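Reader: I would like to learn how to read the charged contacts and the overall fold of a model such as this one. Could we go through it together, beginning with the salt bridges?

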Amino acid sequence: MQIIAFTATMMWKRAINLNSRLWLGGLLLVCLLIITPEERIPSQLVSFAVLLPAVFLLTDWNGSAARNGILAIITRGDSRKRVRTSEWLFPALAGAVVSSVTVFAVSAPPPWQFWVAASLIATSFSLIFLMTEQYLKYAGRTVLTLMWLTQLTGPRQTGQVTELLLFTGYPAAVLLTDPNIGSHHPDSYVLASLIVVFITAGIYTLLLRRNN
């Protein structure tokens, strides 16, 4: 537990001390406010809160001096596993907590499906961003950015199958569901979130086994 907490602390200290991370967070927020249709900005800010901690903490974390320093002082295999656990768990928890606070500015109280979808997507995105930073750095960033931009600029939820492919927008989609326009039921996003997290966790586990 101490190693997990120590790794999380180092990730936070490194990110907060990098001006580039603060500029990155500000740039993403400005893009959201400029691109998103005005009536959807509040709900998209909630989804943004789910994703931002992973981007803030994990960008260029792999191969950083802080991470290499932690691994250099660890000799046991189980300790390395705890470091890897902290790398995705801390951003996931941060995303779930920040979005849970942000949502009350949009929906009070939000539907119960929001809590499940937000937590699962925070976990999935943390794992996905961690893997892309390690294996498909710039290509992965490009794909995730395009997915996020498509989510921001797309029409309001209308029940289309393609909406379920934009998993980064599930928390906002739950808040925007409207049976009068034929949108997906909130339970659909809970099920989709479960599928995404199982697939993501499975790929992450396979990659770890392949590299060990």
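Author: Let us begin with the count: this is a predicted model, and the structure holds 5 salt bridges.

Reader: Which residue forms a salt bridge with D60, and how far apart are the closest N and O atoms?

Author: A pair qualifies when a side-chain nitrogen of Lys or Arg comes within 4 Å of a carboxyl oxygen of Asp or Glu. Here the partner of D60 is K137, with 2.9 Å between the closest N and O atoms. Because K137 belongs to helix α7 (residues 137-153) while D60 sits in the loop between α3 (41-58) and α4 (65-72), the pair ties together parts that are 77 residues apart in sequence.

Reader: Are E87 and R67 buried or exposed, and where in the chain do they lie?

Author: The side chains of R67 and E87 meet in a salt bridge at 2.4 Å, N to O. This pair links distant parts of the chain, with E87 in helix α5 (residues 77-102) and R67 in helix α4, 20 residues apart. Both E87 and R67 are buried, a term that stands for a relative accessible area under 20%.

Reader: Turning to the fold, how many helices and strands does the protein have?

Author: The protein has 9 helices and 0 strands, so that the pattern along the sequence reads α-α-α-α-α-α-α-α-α. Of the contacts between residues at least 6 apart in sequence, 74% join residues at least 24 apart.

Reader: What is the radius of gyration of the protein, and what would a compact globule have?

Author: For 212 residues a compact globule would have a radius of gyration near 17 Å, and the protein, with 17 Å, agrees with that. The C-alpha trace spans about 60 × 35 × 35 Å along its principal axes, and buried residues account for 47% of the 212 residues.

Reader: What share of the accessible surface belongs to carbon and sulfur atoms, and how are the charges placed?

Author: The accessible surface comes to about 10800 Å², and 68% of this surface belongs to carbon and sulfur atoms. As for the charges, the mean positions of the 15 positive and 9 negative ones are 17 Å apart.

Conventions:
Residues numbered from 1 in each chain as written. Predicted model: local features only at pLDDT ≥ 70, side-chain atom pairs only at ≥ 80, totals over all residues. Heavy atoms only, no water. Helix = DSSP H or I, 4+ residues; strand = E, 2+ residues; numbered from the N terminus. Buried < 20%, exposed > 50% of the residue type's maximum accessible area, 1.4 Å probe, protein only. Rg over C-alpha atoms; globule rule 2.2 N^0.38 Å. Contact = heavy atoms within 4.5 Å. Areas by Shrake-Rupley, 256 points an atom, 1.4 Å probe, with all protein chains shown as cover. Lys, Arg positive; Asp, Glu negative; His and termini not counted. Charge placed at Lys NZ, Arg CZ, Asp CG, Glu CD.
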